[in-house]
Each structure stands twice: as C-alpha cells, then as structure tokens.
Amino acid sequence: MNFLAQALIYLAAAVICVPIAKRLGLGSVLGYLLAGMLIGPYVLGFIGKEGQDIMHFAEFGVVMMLFIIGLELEPSQFWKMRKSIVGMGSIQLVFTSLFIFIIMMIVGLTWQVALAIALSFAMSSTAIVLQTIKEKGLTLTASGQASFSVLLFQDIMVIPILAILPLIAVNGLTESRHIESSLLGNLPGWMQGISFFAAVALIIFGGRYLFVPILRVVARTRLRELFTASSLLLVVSVALLMQAIGLSPALGTFLAGVVLASSEYRHELESDLDPFKGLLLGLFFIGVGASINFELIASRTLLIMGLVAAVMITKFLILLATGKIFKVASDQNLLFAFALSQVGEFAFVLLSFSNQLDIINPEWMDIMMAVTAITMTITPLLLLLNERVIDPRFGVKEISEPGRKDDKEIGEHHPVIIAGFGHFGSTIGRFLRANGVEATILDHDSDRVSLLRKMGFRVYYGDATRLDLLQAAGADNAKILIAAIDSPEVNQELISTARKNFPDLHIMARAKSRMDAYELIDMGLSDIYRESLHTSVKLAVDVLGKLGQRSYTATRQGQKFLKYDEDALKEMAEHRHDMQKYVLKARETFKLQEELLAKDLALNTGESDHSWDSETIRETLRKK
Amino acid sequence: MANKILILFAHPRFERSASNILMVRQLQDVPGVTFHDLYERYPDFNIDIEAEKVLLEEHNIIIWHHPFYWYSAPPLLKQWIDLVLEFEWAYGPGGNALEGKTIFNCITVGGPRAAYSRDGYNRFSLLELLTPFNQTAYLCRMTWFPPFAMHGTHRISEDEKLQNADQYRLLLERLVKGEFSAEEILKYEYLNDWLDNIKTKITV
C-alpha cells in the first residue's frame with residue numbers, strides 16, 4: 001500500500017472515531033484506540049502487522065509530549081517536585097514490581113521471565129495519562145501532580161531497567177543476538193557515567209546558550225515554517241543524542257523543555273510542536289489498537305483476562321497506598337490510582353527487548369503485549385466509571401448533602417454562577433462575597449470543592465460543561481454566568497452550551513489572551529475580560545453593577561478590595577515559609593487559599609463606608 | 001417653541017440621598033428632558049469628551065444637578081467642566097459651540113437658607129458662592145440662571161422633600177414649553193422664588 005493510501009486510512013479512522021468517542025464522553029484516547037482496532041488486522045483488515053512499526057515511529061509523540069511538559073515547568077518548580085517524584089515514584093515502582101513478580105511466579109514462569117515482566121508492567125502509560133489529565137484540565141490538581149511525579153520517575157527508571165535486563169538473561173548475551181542499543185554500550189561503566197553527565201550538561205548549556213540565540217536569528221527571518229523546523233530539529237537531535245548514549249529520549253527532551261521554559265520562545269515552541277505531538281500520539285494509540293491480537297485473546301481468553309485483572313488490581317491498590325502515604329485526598333487518590341492502573345507503552349519496548357535477549361519467548365511476549373494493550377484500552381473506561389459512578393458515591397459529592405449545617409437550603413438559587421474557581425474566578429467570588437453577593441460555584445478540583453464547602457460556599461463539583469450540572473446549579477434562574485475556567489477550549493464549550501440552553505443567562509467571560517478574546521467576540525459575547533488580577537476585580541465590579549449597584553460605588557469597592565488584597569498578599573508572603581512544608585505544591589496552594597478565605601470573612605467593605613453619605617449626617621443631627 | 005433640557009447629574013452616593021432619589025424619580029417621564037447620570041456612566045472618571053459635546057449640541061438648556069459639597073460640585077462634575085468645555089470649542093477664539101444656550105445649577109444643600117447670608121455661619125449668599133459657575137457660563141457665552149436649590153436636606157421632612165421634587169418637575173415642564181422670560185428670571189435670587197411668584201400670580 002502506498003504512503004498516501006495509508007495516510008488516508010489512519011486519518012479517516014481518526015477523524016471518524018475520535019469525535020464520536022468524544023461526543024459519547026469517552027475521551028479522545030479511547031477514540032484513537034477504537035479506530036486502531038477497527039482498521040486493524042482482525043476487524044476491517046486495512047492494516048496488517050505494520051501496526052507495530054507505526055507504533056515505534058509514533059512513540060516519538062511521547063517524546064514530544066515530554067518536551068512540551070518540560071516547557072510548562074520552570075526549573076524552580078521542577079526542583080520543588082523532586083521529593084514527590086523520587087518518593088512516590090520509588091514506592092510505586094518497587095512495590096508494583098514486587099507484587100507482579102509474585103503473581104507471575106504463581107502463573108508458573110521462571111524468576112527471570114517473571115522479573116522482566118514485573119519491571120515492564122510496573123510502568124504506566126505517560127501518553128494516556130497525561131493526555132487525559134490535560135484534556136480534563138487536571139494538571140494543577142493534586143492527582144495531576146502525583147500522576148506526573150510517578151510517570152516521570154518511571155521514565156527515568158527505564159534506563160537502569162534496560163541496563164539490568166541483560167544481566168538476568170538466561171543465555172547471557174550471545175554474539176548473534178547482541179543488541180547494539182547504544183554507541184557507548186561497550187565502554188566501561190565510568191565512561192558511561194561521564195558521558196551521561198556530559199550529555200545533560202550539553203543539553204542545559206546548549207539549550208540556553210546555543211539554541212536560544214539560533215532561535216533569535218530564525219525568528220528574525222519571519223518564516224514561520226523555519227521556526228517549526230528548528231523546534232523539530234531540537235527535539236530530534238536531543239532524542240538522538242540520548243539514544244546514542246543509551247538514555248531515554250523522552251527524559252532528554254523533557255530536560256531540554258525545562259531548560260527552555262524560561263526562554264522568551266516558550267510559547268512559540270509549545271504552539272509549534274503541539275499539533276505534531278497530538279498527531280503522533282493519536283497515531284501511537286491507533287497503533288496500540290491495531291496491535292491487539294484478537295485471535296490470541298480468543299484462544300487464551302481466561303489467562304489473558306485473568307492477567308489483566310490481576311495486574312490492574314495490583315497496580316491500582318499500590319497506587320492507592322502510595323497516594324495515601326503522600327496524603328493525597330481520597331477523591332484525588334481514586335482518580336490517581338485509576339489513571340495509572342494500566343501498563344504503559346514502555347512495556348512494549350521492554351518486552352521486545354527481553355525477547356531479543358531470550359529472556360521471554362515469543363508466545364509469552366505476545367500474551368503480555370496483548371495484556372498491555374487491553375489495560376490501555378480499559379483505562380479510559382475505568383476513568384469514566386470513576387467519574388460517573390464511583391467518585392460521586394464515595395468521594396466529594398457533586399452537590400453537598402442536604403441537612404449539613406454549612407449548607408444553604410436546597411433549592412435556593414443564587415443570582416450569580418461562577419464556573420472555575422482558579423486564580424481568576426476565586427478573586428471574583430471573594431469580592432462578591434465581601435459585598436454580600438452569594439455566588440454558586442462550579443469546579444472540578446475535589447480538593448478545592450471540599451475547601452470551599454468548608455468555608456461556606458455553595459459549590460457544585462464536576463465538569464461545568466455538563467448540561468445537567470448547570471441545571472442543578474440553577475442556571476435556569478440565575479442572572480449571570482461567569483465563565484472563568486482556565487482552559488480557553490473548555491471555557492468556550494461551556495459558553496456555547498450555556499447560550500444554547502439558557503438564552504436568558506447573561507454571560508461574562510474570562511479571556512486568556514488576545515486571540516482568545518477575538519474568538520469570544522466571534523461567539524457574540526460582549527462582556528469579555530482579558531485575565532489578570534485587575535480584570536477579575538473589574539468583572540466582579542461589573543457584576544455588582546448588573547445586579548443594581550451604582551457603578552461608582554461598585555468601582556470604589558473594587559479599588560478598596562485591590563488594596564486589601566495587596567496588603568493580604570504581603571502579609572501572607574512573610575509567614576508563608578513558617579507553614580508546614582507540603583510535598584505536593586497543590587496542597588500548599590490550598591492551605592494558603594484557605595487562610596486567605598478565612599481572612600476575607602473579617603472584610604466588610606460596605607458598612608464602614610460613610611463617604612458622601614448624607615443619611616449618616618441626618619441621623620447624627622437628629623440624635624442631638 | 002419646545003426646549004430640550006440636558007440634566008448633568010453628578011452624585012457619588014446617589015443611592016444614599018433620599019432627596020435626590022425623589023427628584024430624579026419625578027423627572028423620569030418629562031418629555032424633552034435627557035437625564036445623564038455622570039457617576040453611573042463614568043465610574044472611572046474617564047469622560048468621553050466627544051460624546052459629551054454631542055449631547056451639549058443637541059440641547060439648549062443645561063442643568064448642573066448636584067449636591068452642594070463644600071461650596072462646590074462633586075469632583076466628577078469639575079472633571080466634566082475641565083475636560084468637556086474645551087478651548088476653541090466652548091470658549092476662546094472660535095469657541096462658540098455653546099453660545100446662546102442657558103445653564104444653571106440645581107443643588108441640594110445641607111444647611112438652611114438663612115445660613116447662607118452675611119449674618120449666617122456660611123457668611124455668603126448662595127448666589128455669591130456659585131460665582132465660579134456663573135463666570136464659567138459667561139465665558140462660554142451662555143446665559144446663567146440663578147440656582148434651583150433645596151435647602152436643609154439634613155433636617156427637612158419627607159413631605160417637604162416630596163414638595164421639592166414636584167416643584168422641580170414643574171420647573172422642567174415650564175422650561176421645556178418655553179413658558180418663561182429670561183429677563184424676568186434673572187431678577188430673582190433662586191429659581192424657586194420665581195416659581196413661587198408665578199404660582200401666587202396664577203392664584204391671584
């Protein structure tokens with residue numbers, strides 16, 4: 001089949017399946033996987049065994065994804081996460097390997113095979129998890145950060161695992177099957193160590209002092225495609241360098257990303273590479289879907305399904321325990337454990353490597369590959385199950401339970417709904433509260449929802465773009481909806497849902513950038529606020545105006561609030577470091593937010609305002 | 001001939017001023033009157049000069065309606081005067097955009113009328129204290145009428161406030177219909193006195 005025909009099949013499968021999956025609420029990952037199964041050798045048979053090759057090629061998407069993640073992480077932030085990366089990562093990896101090793105021994109494999117499989121299966125799928133977390137906008141939550149820590153640690157550990165596997169090979173390394181995995185494979189250990197540090201140093205200094213100046217020159221040519229080419233060149237060369245010295249390309253590009261995070265080209269690099277990353281990841285998932293061997297599964301159903309269940313349950317329980325040790329709250333922990341319970345793409349690499357080393361025979365390799373692919377396919381379904389069935393029952397409730405003393409009467413609706421209580425939405429909520437306007441809040445971070453409920457806010461937990469949640473929050477009776485969700489895409493989705501279903505609801509929206517604002521204007525919105533502290537207060541001031549407050553009085557309240565907030569910031573900055581150190585940054589953020597909200601309760605901007613108030617003079621004179 | 005009246009209303013805490021709430025409620029449906037709420041329109045003091053000029057051009061009787069704070073107007077009205085009455089437009093060479101229009105102050109005053117006299121604690125008459133407005137109008141080649149004022153807002157009763165609001169409405173209706181003579185009005189110290197005089201004339 002020629003290249004164009006192949007491209008046609010892959011693209012058509014993706015374009016047809018992914019939107020359907022998204023519409024059904026299954027997420028894009030599952031859409032790609034289904035597309036892969038559909039065009040794979042066992043259903044429509046458009047592609048045969050080359051699915052595997054496609055997968056190796058498409059793994060480059062994971063490499064790009066880590067580069068982009070690196071770009072979003074400043075070096076100082078990365079440094080702060082070191083404890084959770086090493087701590088959570090090592091607990092997860094060691095115990096998962098141990099238990100899966102025991103299971104494999106029970107299945108009746110030799111210890112070498114069991115160990116190779118255990119190490120492979122300890123890995124989770126960076127591609128699936130990070131894609132899902134990003135899609136759901138959970139990057140900054142505790143579960144997002146915990147997932148990221150564990151995944152990054154796994155990526156790092158691939159290197160030593162690749163080094164260990166040859167040592168347990170039954171036959172040792174036979175000449176004919178020697179894997180030339182790296183240029184430096186034959187060098188003594190200390191040389192390898194030196195070359196490792198040299199490569200890392202090269203990435204750090206080369207990135208800052210070589211690549212950034214090159215980008216400046218390229219940027220001056222004003223050829224956009226040249227800039228894209230440079231970005232690709234960087235990622236490819238770092239990946240190759242890493243491969244050459246036997247390190248994980250993903251890890252190398254991640255490092256390069258972190259180095260470039262503080263450069264002025266961060267956003268351009270991100271937006272240039274993002275489509276490539278997305279396409280390659282999609283292709284990768286299609287490859288996984290196509291590689292699922294349904295014949296094998298049909299003949300060994302019991303064994304394979306038993307292994308899938310055993311592996312996922314083991315991984316799930318250990319992740320849950322890891323989260324517990326690191327004090328991740330129960331909802332977040334459930335999500336974290338479900339998200340990482342699959343076997344990841346590195347297992348494909350490690351399993352075929354073990355096969356080449358003669359540790360594992362082709363039959364078992366195929367079985368284990370099938371197990372891996374099935375666990376990857378099940379993950380999006382498990383997450384869906386968690387979101388719709390398990391979490392609502394055991395975790396933070398979508399709506400706080402009636403009868404609790406901190407809860408307002410059920411059925412009572414506030415005139416204002418705030419969707420998204422991040423740094424923008426929270427300022428609005430705090431200001432409105434200080435001015436006696438209660439707002440209903442929608443947020444999808446369970447930690448934040450618990451905190452806000454504790455502080456007496458009326459909060460609905462879940463995805464604000466869901467029609468039933470909007471209805472439950474009283475969108476039918478509310479006057480104003482403030483769309484303040486961090487992700488512009490989700491925010492726009494919310495706006496179009498709200499406009500379609502609640503035509504009387506007045507929408508005021510947060511815009512992240514100028515481009516974002518243009519799009520909101522195209523949607524026909526007039527109340528658009530380009531984000532910052534001041535515009536969030538401006539939005540809240542305008543809400544007071546729309547609710548009937550005189551606009552000059554509201555403006556003065558806004559000015560007072562800004563001053564108060566500035567003072568509070570300085571005060572809290574001084575004693576922030578006295579607080580208990582939290583392993584996850586998200587937890588520290590919430591601790592600070594809780595203090596701030598408690599502080600706000602003492603703030604009453606209305607009552608002390610006697611400026612130009614003739615009624616006060618009247619009352620005083622009357623008393624005399 | 002029908003006149004068109006523009007009320008430039010400036011009150012920083014309108015919601016807490018019972019007298020002004022009554023007055024503004026009374027004038028809402030008077031035909032020929034445009035009520036322009038400066039503090040509501042420009043809470044950030046960023047006055048749209050061009051829009052203000054258009055409004056001025058469309059009307060021939062202008063009222064500065066404001067509380068009489070510290071013998072003057074609230075800051076936004078002063079801002080309005082500073083920004084809108086431009087050189088070479090409102091005054092100076094070629095500055096005759098407002099020529100022939102009529103302007104006056106409608107004010108609410110805390111102290112009683114008696115306090116605004118040589119012997120009162122305010123030492124000057126209201127007319128004297130309004131001299132800067134009078135002169136501003138003069139420089140813009142406008143006719144400045146004596147003020148329509150409600151005294152003693154700190155102490156008067158609800159009934160008196162209602163009466164005052166009715167009288168304000170009566171004044172506006174008369175001005176719109178053109179039922180007045182400028183020379184006659186200029187003889188009075190307060191527009192209120194002129195109105196009272198007409199009423200007594202009619203009853204006589």
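Student: What separates B:E173 and B:R169 in helix α7 of chain B?

Tutor: About one helical turn, because the two residues are 4 residues apart in that helix. Helices here are DSSP runs of H or I with at least four residues, and strands are runs of E with at least two, numbered from the N terminus. Before we go on: this is a predicted model, in which local features need pLDDT of at least 70 and side-chain atom pairs count only at pLDDT 80 or more, while totals for chains, interfaces and linings use all residues. Residues are numbered from 1 along each chain as its sequence is written, chains are lettered from A and ligands numbered from 1 in the order in which they are written, and side-chain values use heavy atoms, leaving out hydrogens and water.

Student: What do B:E173 and B:R169 form?

Tutor: Side chains of opposite charge can pair when their charged atoms come close. The rule for a salt bridge asks for a side-chain nitrogen of Lys or Arg within 4 Å of a carboxyl oxygen of Asp or Glu. B:E173 and B:R169 form one, with their closest N and O atoms 3.1 Å apart. B:R169 also meets B:D29 in a salt bridge, at 2.9 Å from N to O. B:D29 sits in the loop between α1 (18-27) and β2 (33-37) and B:R169 in α7 of chain B, so this pair ties together parts 140 residues apart in sequence.

Student: Is B:D29 buried or exposed?

Tutor: Relative accessible area (1.4 Å probe, protein chains only) sorts residues into buried, under 20%, exposed, over 50%, and partly exposed in between. B:D29 is exposed at 53%, whereas B:R169 is partly exposed at 22%. For a buried case, look at chain A: A:R448 and A:D443 form a salt bridge at 3.4 Å, with A:R448 at 16% and A:D443 at 4%.

Student: How much area do chain B and chain A bury between them?

Tutor: The size of an interface is often given as the accessible area lost when the parts come together. With a 1.4 Å probe and summing over both parts, the figure is about 1,800 Å², 45% of it on carbon and sulfur atoms. On the chain B side, B:R13, B:R16 and B:H154 lose the most area, together 38% of what that side buries. Counting contact as heavy atoms within 4.5 Å, 20 residues of chain B touch 18 of chain A.

Student: How many salt bridges are there between chain B and chain A?

Tutor: The count is 2. B:D37 and A:R550 meet in a salt bridge at 2.4 Å, N to O.

Definitions and conventions. Buried area is the accessible area (1.4 Å probe) that two parts lose on being put together, summed over both.
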